[in-house]
Amino acid sequence: MKQKMQRFMAGRYGADQLGQVYLGISMALLVISVFSRWDIFYVLALGMMGYEYYRMLSRQVEKRYQENQKFLNWRYQLAVKKNRRKEHLQQRKIYHFYKCPACKQKVRVPKGKGKICITCPKCKAEFIKKS
């Protein structure tokens with residue numbers, strides 16, 4: 001049986017991270033449909049499961065690979081933004097953040113220095129702010 005399955009899946013795409021997310025969402029929709037008794041959740045769950053199995057059994061490996069890469073890039077960008085926000089919140093205890101009035105570049109200056117003249121590192125514009 002194992003060899004038959006291997007021969008059947010030869011040349012097909014198989015499972016990936018995007019497929020795992022689709023299956024997770026469809027399982028969540030199935031649970032919601034059980035408790036809410038709304039048929040729309042059940043239909044959406046079956047549709048997502050069907051699409052995921054279509055992706056797994058697809059012979060268009062390059063298209064499926066590109067879909068998964070777009071998803072992984074999107075997920076990576078979310079993680080980067082989350083880490084930047086977290087780092088920014090931690091630095092707010094020590095620094096003030098201002099936007100340059102000319103080019104809108106973020107400029108970080110230390111707190112507790114009084115009124116200071118800030119020079120934008122990007123466009124070299126000068127502006128005065130309280131730190």
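This is a predicted model: local features need pLDDT of at least 70, side-chain atom pairs count only at pLDDT 80 or more; totals for chains, interfaces and linings use all residues.
## Aromatic rings that meet

Two rings of Phe, Tyr or Trp count as a pair if their centres lie within 6.5 Å, the six-membered ring being the one used for Trp. The structure has four aromatic pairs. A pair of aromatic rings is described by two things, the distance of the centres and the angle of the planes.

Take Tyr22 and Tyr51. Their ring centres are 5.7 Å apart and their planes stand at 70°, so this pair is edge-to-face. The two residues come from distant parts of the chain: Tyr22 belongs to helix H2 (residues 17-36) and Tyr51 to helix H3 (residues 39-57), with 29 residues from one to the other. Tyr22 is partly exposed, at 21% relative accessibility. Tyr51 is also partly exposed, and its relative accessible area is 35%.

Trp38 and Phe41 make a stacked pair, because their planes are at 5°, with the ring centres 5.9 Å apart. Trp38 itself is exposed, since its relative accessible area of 56% is over the 50% cut-off.

## Charges over rings

Arg12 lies over the face of Phe8, 4.3 Å from the centre of the ring. Further along, Arg108 places its charged end over the ring of Tyr95, at 4.1 Å from the ring centre. Keep Tyr95 and Arg108 in mind, as both return below.

Strand S1 (residues 95-99) and strand S2 run antiparallel and are joined by five bridges. Tyr95, the residue whose ring lies under the charged end of Arg108, has Pro110 in S2 as its bridge partner. Six residues lie between the strands of this hairpin, and Lys104 takes a positive phi near 65° there.

Now look at strand S3 (residues 115-119) and strand S4 (residues 126-130). These strands are antiparallel too, with five bridges between them. Thr119 faces Glu126 of S4. S3 and S4 form a hairpin with six residues between them, and in its turn Lys124 has a positive phi of about 65°.

## The largest pocket

Which residues line the largest pocket? They are Arg84, Arg85, Glu87, His88, Gln91, Phe97, Lys106 and Arg108. The elements that each supply two or more residues to this lining are helix H4 (61-91) and strand S2 (106-110). H4 is the main contributor, with five residues.

The volume of the largest pocket is about 220 Å³. Sorted by class, its lining contains five charged residues, two polar ones and one nonpolar one. Arg108 is one of the lining residues, and its charged end is also the one that sits over the ring of Tyr95.

## A closer look at Val31

One more residue is worth a stop. Val31 is part of helix H2. Is Val31 buried, partly exposed or exposed? It counts as partly exposed, at 46% relative accessibility.

Key
Residues are numbered from 1 along each chain as its sequence is written. Side-chain values use heavy atoms; hydrogens and water are left out. Rings of Phe, Tyr and Trp (its six-membered ring) pair if their centres lie within 6.5 Å; planes under 30 degrees apart count as stacked, over 60 as edge-to-face and the rest as tilted. Helices (H or I, at least four residues) and strands (E, at least two) are DSSP runs, numbered from the N terminus. Buried means under 20% relative accessible area, exposed over 50%, partly exposed in between (1.4 Å probe, protein chains only). A charge sits over a ring if NZ of Lys or CZ of Arg is within 6 Å of the ring centre and within 35 degrees of the ring normal. Two strands pair if DSSP finds at least two bridges between them. On a 1 Å grid over the protein atoms alone, a cavity is a set of points where a 1.4 Å probe fits but cannot get out, and a pocket is an open set with protein on both sides within 12 Å along at least five of seven lines; lining residues have an atom within 4 Å of a point. Grid points are joined across faces, edges and corners, and a volume is the space filled by probe spheres set on the points. Ala, Val, Leu, Ile, Met, Phe, Trp, Tyr, Cys and Pro count as nonpolar, Asp, Glu, Lys and Arg as charged, and the others, Gly among them, as polar.
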